[in-house]
Amino acid sequence: MPSRRLGLSFGVDIVPFKVCTLDCVYCQLGRTVEKTVERRDFGPVEPILAELREAVAEGLKADFVTIGGSGEPTLHLRLGELVDGIKEITDIPVALLTNGTLLSRKDVRDDCARVDVAMPSLDAGDQGAFDRIDRPEDSISIESVISGLCTFRKEYTGQIWLEIFFVEQINTGQAQIERLKGAIERIKPNKVQLNTAVRPTADAGVSRVDAEKLQEIATLLGPACEIIADFSKAAGEQGAKADHGGESGLHCLATETKQALLSMLKRRPCSLGDISEGLSLNRSEAIKYLADLQERGLIESEQKGERTFFKSMS
């Protein structure tokens, strides 16, 4: 699946839906189902590795194998085993999407150190903003998160791409920017990637930071910063759900494409452009399939600014 941060990525989801250490207001997948810091064995990794072997045998072309998905992957006790297994199968670099909250633990750092690119997040410079944006499990403090990231940086020889998600009027003020800059200087990531709410979020009241202000923040935070929020497709998406046209039935959609589309929307809300690009469908074809799925109650659409996003109902 195409990714704004990683190019063409083969995604690996290893934790049950919305089992996480946080309950972020901006999460694309909705509210956390189980908030926990307990690492558990969520099942064998061999079925995941078997799927990867099959994809590689069929000529998989990807920039990264990305471990992430619909929960916090460092909660899985077999994370290290999974990474080692991936590296035995393919030379494609392994990336890890994590909120970074468990990096204060040595066992978690040891597992994460196996990947080629670690992509943790840090959305606040103090506990107040951390509680408002990320709604952590009670035992997690912002200082434990920052200290864990600092320790990981000292031990880890790979790339760290730190993501900061900005919510207007919570972590965009001068004091917050200064605290975040101080944390960045302590952590020393290779990249700092700035994001904001361009997709539907867990809490409807989350306010997006506009592109100009995000650029100002990037300048203040330093030269390692880049903006990854996708403002580029804002125009032309608004009418996506209305202009369906034609008659279609789910039986007309190839099984493979149908499964890919529903899987894509279960993973995260997507715009028409995301779907068209990700599944190599022309826009009119994608609209036809989306209209049919909406009529059958399998997906729903939601407006975010000038863009329409589609998400799974299951």
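## An enclosed space

By the grid rule used here, the protein holds 1 cavity of 30 Å³ or more, a cavity being a set of points on a 1 Å grid over the protein atoms alone where a 1.4 Å probe fits but cannot get out. The largest cavity contains about 60 Å³ of space, where volume is the space filled by probe spheres set on the points, which are joined across faces, edges and corners. Its lining residues, which have an atom within 4 Å of a point, include Leu 22, Cys 24, Tyr 26, Asn 99, Asp 123 and Val 145.

## Basis of the model

This is a predicted model, in which local features need pLDDT of at least 70 and side-chain atom pairs count only at pLDDT 80 or more, while totals for chains, interfaces and linings use all residues. Residues are numbered from 1 along each chain as its sequence is written, and side-chain values use heavy atoms, with hydrogens and water left out.

## The chain overall

Of the 314 residues in the protein chain, 52% are buried, meaning under 20% relative accessible area with a 1.4 Å probe, protein chains only. The protein chain has 10 helices and 13 strands, taken as DSSP runs (helices H or I, at least four residues; strands E, at least two).

## Arg 153

Arg 153 is found in helix 5, residues 142-155.

Conventions
1 Å grid on protein atoms, 1.4 Å probe; cavity = no way out; pocket = protein on both sides within 12 Å on 5 of 7 lines; lining within 4 Å. Buried < 20%, exposed > 50% of the residue type's maximum accessible area, 1.4 Å probe, protein only.
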